[in-house]
Amino acid sequence: MPDPSSSPEATGLRVASAADTAAMSGLLPEDPHQLPPPSAWFAPDAERHYLDRPRFCPMCASSIGERGGITTEYWTADTRNFMTWCGECGWFGEVVRFDRVTILEEDH
Amino acid sequence: MLTVEQNNELTQVGPGTPMGELLRRYWYPIAFEQDFDSVPSRSVRLLSEDWTLYKTPGGKFGIIQEQCAHRRASMTYGVVHEDGIRCGYHGWKYDFTGQCVEQPAEAENQNFKDRVKMKGGTAQTMGGMVWVYVGPDPAPELPRFDVFVKDGVRDVGYTTIPCNWLQIMENSVDPHHVEWLHGYYFNFVGETQGFEAPKAFQKRHIKTGFDEMEWGILKRRVLEGSTEEGDDWKIGHPLVFPFYMRVGGAYIDQMQIRVPIDDTHTWKLFYSTHNPGEQLDVQDRPVVYEYLWKDDEGRFITDYIEGQDIMAWVSQGPITDRTQEHLGRSDAGVALLRKMFKENMRKVANGEDPLGTIREKHEIINLPCEKDKFGAERTFAAAWINGGSMRYSPIKEQLLEMHESYWAGIEAAEKAGAGA
C-alpha cells in the first residue's frame, strides 16, 4: 500500500488533471493544440476520440496523457479498440469499447 | 487519431523537442565518401539543423554546426586542417569537438576562445557512407548492421523526399499496403500503361504479426498459398528503430534508410548488397545513383515499387494530419510503432539509453530477414531490380545478369543431379 502521506508524484498515483476532469465531464478542451479546427471534415470524429479514449491506466490509474503515455484508436467494425501504453508503469494493452457483446465463432 | 499536440510531438525533430532529443541518440548516414573527392567540405542538414561536414587531408571526417560562432559565415567555405576546421572569414579555428582553439585577430593573452564552443559531432565511415552522431556524449558505437559490412556488390539509390520521416516509418509496419499499392494498384498501372506488373506482390495477406525485439519491430506475414512455415512468417524482417527497415530476398539484402533532414524532408536511401553464390566482386565503394519519382509534368512516377511508396508518402502532405486519420485493425503495427517512440522518448527524458543503442565494440549485427520472399524465389530478384528503384542503377544489367547466372547454375546443377 502506498504511504498516504506521500505525494502523488512519489507514489505513482495520480490526481486527475484539469484536462482529464473536463474530458470526463464531456467537455472539449479550448487548447488549440489538442483538436483540429472545428471546420476540419473529421473534427467530430477527433472530438469523439478525445472524449472517449481511456484517460487513466487500467493497471496503475495514472493519467495516460499527463504521464507521457499514448492511446491510439483503431476500429474493428463497430468496436473501438484503444491500444494504450502507460508512461508511468509501462502497462501496454488494449481497452475496447463496444455497444454489443459479439462472439466470433471459430471455424467448426 | 491523434491530437494536434501528439502529432507535433511525434513529428518534430528539431533540438529541444522530445522526438528530436530521442533521434539525437543515433548515428545517421549523411553523405557518401565520393562526395569528398573534389571538395573537402559540404553543407548538410540533419534533424532541422545545418551542419558542415568536412574531411581532412589525412582522411578523417568531422562535423560542426555550419554558422561560425563569430560572425555566422558558413564553415563549409572554411579551411580544413588535420586537427579541425578554420572559418574562411576571420580565421577562427575549431577542433573536432567544436571547441574554438584559435582567434587570429584577438590578443593572444586572453581566454575568449576558451569560452566559445560550437555544436559538434562525431563522424565515421562505413559501407562507403559518412555517418554522423550529433547527440550528447558519450557517443554510442556505430551499429555495424549486416547489409553495410557484408560482402557483395553494393548499390545505393537515394533521393530527397519532401515529407516527414515518420510517415515513411509508419509505412514499414503496414504490411497490407504491399498487396494493394504494389499488387492491385501496380497491376492497374500495368494494364493502363501496357506492361505486366510483378505477380509476387499481388498475393493476399492471410495473417500479419508484430514482435517487439531488441532492434525494433519484427514484422511477419502469411500470404495466400503460404503457411507459417514460410520465411515471411517464420523469419520475417525488422523495422530497425528508429529510421531503418531491413528487407531482403533472393540474395539481395537491403536496408531502407530514412534520414530525418528536418520536419518536412527525408533523405531516403535504398542500400542493397547483392550476394548470390560465391561470384562476388566487392567494390571499393558502392555504386551510388539518384532515383526519380516525378516525371517532366510533375506527376508521381508510379510504375515501380518505390515510386508508388513515395506517391503514398508525399501525397499525405509534408506532415500527415493524424487528427483526421481513421485506423483499422490492419493498422495495429502503426499504433505499436507510436507506442515505441513514446516509450523511448520517455527513456531519454529519464537519462536512459533508448532502444537500439549499442555501446559494445562489434564486427557485425546480423538482423533476421527472410530469404525466400513472398514464395517467389528465382523470379524475385529480377522483379525487384526491374520493378524497384534499382531500375535506375547504372549497373542494373550486371545485377540482373549476376542473379540470373546464379539461378541458371542452380538449375543446371539440379538437372545434372537428376540425370545422374
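Residues are numbered from 1 along each chain as its sequence is written, and chains are lettered from A and ligands numbered from 1 in the order in which they are written. Because the model is predicted, local features need pLDDT of at least 70 and side-chain atom pairs count only at pLDDT 80 or more, whereas totals for chains, interfaces and linings use all residues.

Chain A contains three helices and three strands, arranged along the sequence as α-α-α-β-β-β. Helices (H or I, at least four residues) and strands (E, at least two) are DSSP runs, numbered from the N terminus. Of the 108 residues of chain A, 27% are buried. A residue is termed buried if 20 or more other C-beta atoms lie within 10 Å of its own, exposed if 12 or fewer, and partly exposed in between, with C-beta atoms placed from the backbone. Among contacts in chain A with a separation of 6 or more, 41% link residues 24 or more positions apart; a contact requires C-beta atoms, placed from the backbone, to lie within 7 Å. A:Ser63 is found in the loop between helix 3 (43–52) and strand 1 (70–76) of chain A. A:Ser63 is classed as buried because 20 other C-beta atoms lie within 10 Å. The C-alpha atom of A:Ser63 is 14 Å from that of A:Tyr50, which is 13 residues away along the chain.

Between the two chains, 19 residues of chain B are in contact with 24 residues of chain A. Helix 1 and helix 8 (332–349) of chain B each contribute at least two residues to the side of chain B that touches chain A, and helix 8 gives the most, with seven residues. By residue type, this side of chain B comprises five nonpolar, six polar and eight charged residues. Here Ala, Val, Leu, Ile, Met, Phe, Trp, Tyr, Cys and Pro count as nonpolar, Asp, Glu, Lys and Arg as charged, and the others, Gly among them, as polar.

B:Val4 belongs to helix 1 (residues 4–11) of chain B. Residues touched by B:Val4, leaving aside those up to four places away in sequence, are A:Pro32, A:His33, A:Gln34, A:Leu35, A:Pro36 and B:Thr323. B:Val4 counts as partly exposed, because 18 C-beta neighbours lie inside 10 Å. From B:Val4 to B:Asn164, 160 residues apart in sequence, the C-alpha to C-alpha distance is 15 Å.

In chain B, four strands form an open sheet in the order 5-6-7-8, with antiparallel pairing. Strand 5 (79–81) and strand 8 (100–102) are at the edges and have a single partner strand each, so one side of each lacks a neighbour in the sheet. Strands pair if DSSP finds at least two bridges between them. Strand 5 is joined to strand 6 (residues 84–86) by three bridges, and B:Val79 has B:Arg86 as its bridge partner.

Strand 15 (residues 244–249) of chain B is mostly covered, with six of its six residues buried. B:Tyr244, B:Arg246 and B:Gly248 point one way, and B:Met245, B:Val247 and B:Gly249 the other. In a regular strand, side chains alternate between the two faces of the sheet. Strand 15 pairs antiparallel with strand 14 (residues 237–240) over two bridges, in a hairpin with three residues between the strands; B:Val240 stands opposite B:Tyr244. Six bridges join strand 15 to strand 16 (residues 252–262), also antiparallel, with B:Gly248 opposite B:Asp253. The hairpin of strands 15 and 16 has two residues between the strands, and B:Ala250 takes a positive phi near 55° in this hairpin.
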